[in-house]
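Here is a short briefing on a nonpolar core and on charged side-chain pairs. Look at the model first, then read the points below.

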Amino acid sequence: MSVFDRFRRKSRSREAVGSLTCSELVEIITDYVEGTLPPAERARFEAHLAICEGCRIYLDQMRLTIRATGGLREETIPTQAREVLLGAFRAWKRQ
């Protein structure tokens with residue numbers, strides 16, 4: 001039985017495990033994928049996934065991206081491309 005089935009069978013509401021918004025999920029998705037979320041946060045994350053198809057799709061996309069780029073190494077990225085990417089990420093954080 002999956003975690004999602006357990007949440008449905010126990011009829012827990014979002015409040016019972018603490019609500020998690022889509023934006024919050026996006027902020028902690030890397031920790032989830034890496035397995036570093038504390039158990040309570042992981043439960044909130046999975047409870048949100050159980051009710052949010054969009055976030056399930058996003059998680060699947062993240063996993064596919066990680067698989068596709070897993071072989072990339074920093075030293076293989078051309079210097080100019082690396083600087084453009086770093087600039088884009090810095091600008092994104094300021095938004």
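A salt bridge here is a side-chain nitrogen of Lys or Arg within 4 Å of a carboxyl oxygen of Asp or Glu. By this rule the model holds 4 salt bridges. The model is predicted: local features need pLDDT of at least 70, side-chain atom pairs count only at pLDDT 80 or more, and totals for chains, interfaces and linings use all residues. Residues are numbered from 1 along each chain as its sequence is written, and side-chain values use heavy atoms, with hydrogens and water left out.

**Terms for burial and elements**

- Buried means under 20% relative accessible area, exposed means over 50%, and partly exposed lies in between (1.4 Å probe, protein chains only).
- Helices (H or I, at least four residues) and strands (E, at least two) are DSSP runs, numbered from the N terminus.

**Nonpolar core**

- A nonpolar core is a set of buried Ala, Val, Leu, Ile, Met, Phe, Trp, Tyr and Cys residues joined through side-chain atoms within 4.5 Å.
- The largest such core has 11 residues: L20, L25, I28, I29, Y32, L37, F45, L49, C52, C55 and L59.
- Two or more core residues come from each of helix 3 (22-34), helix 4 (39-51) and helix 5 (53-69).
- Helix 3 gives the largest share, 4 residues.
- I29 touches F45, Y58, L59 and M62 (contact: heavy atoms within 4.5 Å), leaving aside residues up to four places away in sequence.

**Salt bridges around R44**

- Side chains of opposite charge can pair when their charged atoms come close.
- R44 pairs with E24 in a salt bridge, with the closest N and O atoms 4.0 Å apart.
- This pair links distant parts of the chain: R44 is in helix 4, E24 is in helix 3, and they are 20 residues apart.
- R44 is buried, at 17% relative accessible area, while E24 is partly exposed at 35% relative accessibility.
- R44 also forms a salt bridge with E41, at 2.9 Å from N to O.
- E41 and R44 are 3 residues apart in helix 4, so about one helical turn separates them.
- E41 is partly exposed, at 26% relative accessibility.

**Salt bridge between E46 and R42**

- E46 and R42 form a salt bridge, and their closest N and O atoms are 3.4 Å apart.
- Both residues lie in helix 4, 4 residues apart, about one turn of the helix.
- E46 counts as buried at 10% relative accessibility, whereas R42 counts as partly exposed at 31%.

**Network**

- Salt bridges with shared partners join E24, E41 and R44 into one network.
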